[in-house]
Amino acid sequence: MGNVEADDGGLWARSLEGEGEAFGLLFDRHRDRVFRHAYRLAGERHDAEDIMSTAFLELWRRRLRVRIVDGSVLPWLLVTTTNVARNSKRAAFRYRKLLDSLPRADGISNANDDFFLQAEMDQDAARALATLSTADLQLVSLVVFEEYTIAAAAAVLNLTPAAAKSRMHRARQRMKTAINAALQPSPALEGDRS
């Protein structure tokens, strides 16, 4: 049993047979190196933790495609960690780009300088995204966050490109309306009048 636990190949084989303890041993064995790699790529502890978790999730999710290299799953994990970190950075960039493209109230010149305003904008964006139907949210996510072309997103969602373009236009209008409504001052209460 000692040799089986000594190499990743044995632990991986046991993991594939459904033995959770073996997968846990692999996690314990490689988590620190995967975390350090993720931290180097992300530069922020919480992001690195998320990336590490996703890499191990991918290890299990793609278990039938995992390659053991020189008796270890670590190379596969490190490559996956790099890919997850890149995807995470791209998603953050696209999210920032979307937020920057949304209308702002007058007098807000640079929301990046003010954390409170940024948090408000994030909530407004989240509320605007919540107004979309599931199909429209999937379309917006593919086009805006994942940078698919409208034609490619349409193919993924089983839509014609024309229908996807029309849905995208309506979704943007719905989001602008929701953002503008959030930026309107709330009506004064009767006791507030002076």
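The model is predicted, so local features need pLDDT of at least 70 and side-chain atom pairs count only at pLDDT 80 or more, while totals for chains, interfaces and linings use all residues. Residues are numbered from 1 along each chain as its sequence is written, and side-chain values use heavy atoms, with hydrogens and water left out.

**Exercise 1.** Work out how the rings of Trp12, Phe23 and Trp60 are arranged.

*Solution.* Rings of Phe, Tyr and Trp (its six-membered ring) pair if their centres lie within 6.5 Å; planes under 30 degrees apart are stacked, over 60 edge-to-face, and the rest tilted. Take Trp12 with Phe23: centres 6.4 Å apart and planes at 45 degrees give a tilted pair. Now take Phe23 with Trp60: 5.7 Å and 75 degrees, so this pair is edge-to-face. Phe23 belongs to helix H3 and Trp60 to helix H4 (residues 45-61), so the pair ties together parts 37 residues apart in sequence. Helices here are DSSP runs (H or I, at least four residues), numbered from the N terminus. Putting the steps together, Trp12, Phe23 and Trp60 form one aromatic cluster.

Conventions
Helices (H or I, at least four residues) and strands (E, at least two) are DSSP runs, numbered from the N terminus.
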